[in-house]
Amino acid sequence: MLMDDLGELDLHIDQIYGGSREGNASDDPLPKLIGVDSGAGFRHLGQRPKTSTLKLLALKSSFKERDWPDNLDQETGIFTYYGDRREPGDIHKTNRQGNLILMNLFDSAHDPSVRDHFPPILVFGNTGVYRDVRFLGLAVPGAEDLGPDDDLVALWRTTSSDNQRFQNYRAKFTILAVPVVTREWLNDIRIGDAVGSTQAPEVWLDWLNY
């Protein structure tokens, strides 16, 4: 569904949001939809990589990377997401600091003292049509049956060309039972008031304060 008023819309689970049809980066709907930049799977509002200075995170997956099989379990709501170190090098030194952000997110998620500020995490999937995306939900780090040693794991991989070993993160998120993320909350998030907003979903606030 192509939409001209992306910046005014709520986010509905499984709704498809489409941009232009120019065949370039301008087709990406996410900049207008939620205010993030274009052209990457890991995007943000606010200053990276600290959790305390991030306002919003958007994770976008094609679900087609064979070596890095992102996956959403439709029954449990568990979203498996692989980090952005895809070749040999320091696991935390990547172009967009995505793996460093992941580490900080999960560290903060396991530290109740920093729960007064936490960036909402919105998950999107590619549709295969231009740069259209499907909204998959509001996510939080971890899962009920996973502890701090299991929800963010550094995995070893080996290059096919010269057998060099390197590490990348596998992160586990939970998609919350929030059918609609309102435009009012998105507006409050953009001004840095995600937690204090009257539009913040109760289940998300409950997670922050458990």
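**Strand, pockets and loops**

Author: Arg 43 is found in strand E3. Strands (E, at least two residues) and helices (H or I, at least four) are DSSP runs, numbered from the N terminus. This is a predicted model, where local features need pLDDT of at least 70, side-chain atom pairs count only at pLDDT 80 or more, and totals for chains, interfaces and linings use all residues. Residues are numbered from 1 along each chain as its sequence is written, and side-chain values use heavy atoms, with hydrogens and water left out.

Reader: Is Arg 43 buried or exposed?

Author: Buried means under 20% relative accessible area, exposed over 50%, and partly exposed in between (1.4 Å probe, protein chains only). Arg 43 has a relative accessible area of 1%, so this residue is buried.

Reader: Which backbone oxygen does the side chain of Arg 43 reach?

Author: A polar contact is a pair of N or O atoms within 3.5 Å; within protein, one must be able to donate a hydrogen and the other to accept it, and residues adjacent in sequence count only if both atoms are side-chain atoms. At 2.6 Å, the side chain of Arg 43 reaches the backbone oxygen of Asp 37.

Reader: Which element has the lowest mean pLDDT?

Author: pLDDT is the predictor's confidence in each residue, from 0 to 100. The mean for the protein chain is 91, and 97% of its residues reach 70 or more. Strand E11 (residues 180-181) has the highest mean among the elements, 98, and the lowest, 90, belongs to E3.

Reader: What volume does the largest pocket have?

Author: On a 1 Å grid over the protein atoms alone, a pocket is an open set of points where a 1.4 Å probe fits, with protein on both sides within 12 Å along at least five of seven lines; lining residues have an atom within 4 Å of a point. Grid points are joined across faces, edges and corners, and a volume is the space filled by probe spheres set on the points. For the largest pocket, that volume is about 420 Å³.

Reader: Of the residues that line the largest pocket, which are the closest to its centre?

Author: The lining of the largest pocket has 21 residues. Strand E4 (54-61) and strand E6 (78-82) are the elements that give two or more residues to this lining. Closest to the centre are Gly 41, Tyr 81, Gly 83, Asp 84 and Arg 86.

Reader: How many residues in the lining of the second largest pocket are nonpolar?

Author: The second largest pocket has a volume of about 280 Å³. Of its 17 lining residues, Pro 141, Gly 142, Ala 143, Glu 144 and Trp 207 are the closest to its centre. Ala, Val, Leu, Ile, Met, Phe, Trp, Tyr, Cys and Pro count as nonpolar, Asp, Glu, Lys and Arg as charged, and the others, Gly among them, as polar. The lining has four polar and three charged residues, and its nonpolar residues number ten.

Reader: Where is omega near 5°?

Author: Look in the loop between strand E3 (42-46) and E4, where Pro 49 is found. The cis peptide bond runs from Arg 48 to Pro 49.

Reader: What is the phi of Asp 14?

Author: Asp 14 sits in the loop between strand E1 (11-12) and strand E2 (16-17). Its relative accessibility is 43%, so Asp 14 counts as partly exposed. Phi is positive in this residue, which is other than glycine, and is near 70°.
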